[in-house]
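Here are my notes from a look through the model, jotted down point by point. Have it open while you read.

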Amino acid sequence: MKSDLDRLMAERNLDAIVVEGPDGLESANPDYNYFVGGRHIPGLIIKKRSEPAMLLHGPWEQNEAEQTGLTLVSLNRWNIREILQQFPDRLEARVEQRRRIFADLGIRGRVGIYGTVRAGPFFALMTRLAQQIDGLEIVAELDRDVISMARLTKDVDEIERMRAVGRKTCAVLQAAVDFIRAGRIDDDCVRGADGAPLTIGDVRRLMLREMAALGLEAPAGMIIAQGRDAGLPHARGDDAMPLRPGQAIVIDIFPREAGGGYFHDMTRTFAIGYAPPELQQAYDEVLGAFTMAMNAFEAGAPTRTYQDMVCAYFEERGHDTIRRTYPIEEGYIHSLGHGLGLEIHEDLSFSSLVDRGDTIEPGAVFTVEPGLYYPSRGFGVRIEDTCYCTPDGRFESLTPFPKELVIA
């Protein structure tokens, strides 16, 4: 949460943090979006330790800036035309403007840098700036950085937004299930009212329309994978493929609030009409792993504990896992979940490969998504909810949607 920023800065001995404003739309810059709340305000966030965050902005965005609740500083305070007259080289002008900003606002010491930027120009700017300001140390963090750790836990307003996105996402998937259920099975495919085969593309287009109507968007698309494709976790699915009875269909959708807000992430696996015994068994085992993990979660516990638990569960049932084999292509081949918020994958890991010491803290939002993948057998299964660890240590699914394999 934002209230944790000062503590996190103190732990890392940071005197200030600087979040570069959007290069284009704010939706591509989640660290900056975290402060401005999805508003399109070109500018710069600067926060000194133990002081409120400042938004440096242009006069054109005054109204939008006032809605952020941040301390506002006009960029007109540093006359860029005057600076350009003194420093015709654009890089030198940018360095001089930033030098004056840091000097006037008292930015010195260890300064962390964040935000989405063009790497080359920004590297040149920061390198030159550090050379010109005595005592300035530019700090870049690889992962588990200050802002990622603040974003890891959500406040009340963030959770309410994520609950709303979850309800809407479930409504989108329900519309897809109803659409499929309204068809009829004929000649080994599902046909619509006009007699034409229903395809994956038909389902995808329906879901995109439903998302738009509910104020959601899918910047990273979605997964609707059938048969062998369902056995490949990131196969998006072939839009031309007709829906076929008895085959696994993995639908993984991860929309967000339109304009660059909070994401939801959910997956269900379906079979139309009936499920072959092998698919039903795999589904029951995945659902068993999901239920076991949800019942076992404890606030403050290491995430690695639950990944190992699920691996052991699948290994006992004859499946290979990523804990035992790497690289791995069939069985349980990924981690149990990941953090979720302004990005689909936020900085909370349940990985078997690297144990960073991550723990489940109250306020965290993360996915729970065990799966089994057998492309050589023509199927895959994944079940996924978005989960919230409440302040009092309970665990709440933000995905109110049934877990039923067969679409009758």
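1. I'll start with Arg 163, which counts as partly exposed because its relative accessibility is 22%. Keep in mind that this is a predicted model. Glu 160, at 40% relative accessibility, also counts as partly exposed. The side chains of Glu 160 and Arg 163 meet in a salt bridge, with N to O at 2.3 Å. Both residues sit in helix H8 (residues 156-181), three residues apart, or about one turn of the helix.

2. There is also a joined-up set of charges to look at. Asp 31, Arg 151, Lys 154, Glu 343 and Glu 346 form one network, held together by salt bridges that share partners.

3. Have a look at helix H5, where Arg 100 and Glu 96 are four residues apart, which means about one helical turn separates them. These two make a salt bridge, and their closest N and O atoms are 2.7 Å apart. Are they buried or exposed? Both Arg 100 and Glu 96 are buried.

4. Arg 144 and Asp 358 form a salt bridge too, with the closest N and O atoms 2.4 Å apart. This pair links distant parts of the chain, 214 residues apart. Arg 144 is in the loop between S6 and helix H7 (146-152), while Asp 358 is in the loop between strand S15 (346-349) and strand S16 (365-368). Asp 358 counts as buried because its relative accessibility is 3%, whereas Arg 144, at 26%, counts as partly exposed.

5. Now for helix H6, which covers residues 119-132. Its 14 residues reach 20 Å from the first C-alpha to the last, close to the 20 Å expected at 1.5 Å a residue. Which residues of H6 are buried? They are Phe 122, Leu 125, Met 126 and Leu 129. Viewed down the axis of H6, these buried residues fall within an arc of 90°, so they line one face of the helix.

6. What do the buried residues of H6 pack against? Their partners are strand S1 (16-20), helix H5 (90-105), strand S5 (110-114) and strand S6 (137-139). Over on the other side of H6, Phe 123 and Gln 131 are exposed.

Conventions
Residues numbered from 1 in each chain as written. Predicted model: local features only at pLDDT ≥ 70, side-chain atom pairs only at ≥ 80, totals over all residues. Heavy atoms only, no water. Helix = DSSP H or I, 4+ residues; strand = E, 2+ residues; numbered from the N terminus. Expected span 1.5 Å × (residues − 1). Buried < 20%, exposed > 50% of the residue type's maximum accessible area, 1.4 Å probe, protein only. Arc of directions from axis to C-beta. Contact = heavy atoms within 4.5 Å. Salt bridge = Lys/Arg side-chain N within 4 Å of Asp/Glu carboxyl O.
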